Amino acid sequence: MDWPFAAEMGGVLFAGRKQELLHKARGGHFRIEIAAAQPDPNPIAYCLSTVTKDDCGEIDSVFVTPERQRQGIGTELVRRALKWLDQSGAASKRVVVAEGNPAARALYEKLGFLPRTTTMQLPIELWTETASR
């Protein structure tokens with residue numbers, strides 16, 4: 001099944017995402033951990049985490065290059081992020097997982113995260129069609 005929001009997510013540029021995360025962490029904390037496999041200095045994975053001024057901790061983004069997936073790198077990055085959230089005084093910890101990403105969902109569930117809510121969104125191309133129903 002094609003995920004209707006894939007094009008939207010693929011168009012997210014790091015510069016815009018960076019500004020969003022910096023704004024979110026204003027008055028709180030922001031952390032980026034980047035992993036590389038030595039001796040190659042090129043990044044193979046990263047994890048972005050924030051703690052808001054209200055002490056809400058979130059793992060905002062985790063990425064592992066496709067050729068390095070399923071090797072425990074994402075798990076280790078999330079474990080380190082959870083430790084950092086603890087040390088930063090986060091009163092809660094959450095992660096938002098995009099629908100259609102079962103590997104990410106399995107990773108977070110393995111580490112103890114449980115679904116709490118489901119947010120449903122109507123794709124833009126269906127706005128006018130739905131309004132006429």
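Here is a short chat about a predicted model, covering its core, its cysteines, its salt bridges and a surface patch.

Trainee: Hi! Which residues touch the most other members in the largest nonpolar core?
Mentor: That would be A45, I59, L85 and Y108, in a core of 20 residues. Strand 2 (43-51), strand 3 (56-64), helix 3 (73-87) and helix 4 each give two or more residues to this core.

Trainee: And which element gives the most?
Mentor: Helix 3, with seven residues.

Trainee: Can we zoom in on I59? What does I59 touch?
Mentor: Leaving out residues up to four places away in sequence, its contacts include V78, A81, L82 and L85, along with C47, R94, Y108 and F113.

Trainee: You mentioned C47. Is C47 buried or exposed?
Mentor: C47 is buried, because its relative accessibility is 0% and the cut-off for buried is under 20%. C56, by contrast, is partly exposed at 23%.

Trainee: How many disulfides are there?
Mentor: The count is zero.

Trainee: New topic, then. How many salt bridges are there?
Mentor: There are six. One of them joins the side chains of E33 and R80, with 2.7 Å from N to O. E33 sits in strand 1 (residues 29-36) and R80 in helix 3, so this pair ties together parts 47 residues apart in sequence.

Trainee: Are those two buried or exposed?
Mentor: E33 counts as buried at 12% relative accessibility, while R80 counts as partly exposed at 41%.

Trainee: Which residues are linked with them in a network?
Mentor: R31 and E76: together with E33 and R80 they are linked in a network of salt bridges.

Trainee: Last one: which residues form the nonpolar patch on the surface?
Mentor: L122, I124 and W127, with about 330 Å² of accessible area together.

Trainee: Where is I124?
Mentor: I124 is in the loop between helix 4 (102-110) and helix 5 (127-131). I124 counts as exposed, because its relative accessibility is 57% and exposed means over 50%.

Technical notes: Residues are numbered from 1 along each chain as its sequence is written. This is a predicted model: local features need pLDDT of at least 70, side-chain atom pairs count only at pLDDT 80 or more; totals for chains, interfaces and linings use all residues. Side-chain values use heavy atoms; hydrogens and water are left out. Patches are made of residues with over 30% relative accessible area and no salt bridge: like charges are joined within 9 Å, nonpolar side chains (Val, Leu, Ile, Met, Phe, Trp, Tyr) within 5 Å. Accessible areas come from the Shrake-Rupley method with a 1.4 Å probe; for residues, only the protein chains shown count as cover. A salt bridge is a side-chain nitrogen of Lys or Arg within 4 Å of a carboxyl oxygen of Asp or Glu. Helices (H or I, at least four residues) and strands (E, at least two) are DSSP runs, numbered from the N terminus. Buried means under 20% relative accessible area, exposed over 50%, partly exposed in between (1.4 Å probe, protein chains only). A nonpolar core is a set of buried Ala, Val, Leu, Ile, Met, Phe, Trp, Tyr and Cys residues joined through side-chain atoms within 4.5 Å. Contact means heavy atoms within 4.5 Å. A disulfide is a pair of cysteine sulfur atoms within 2.5 Å.
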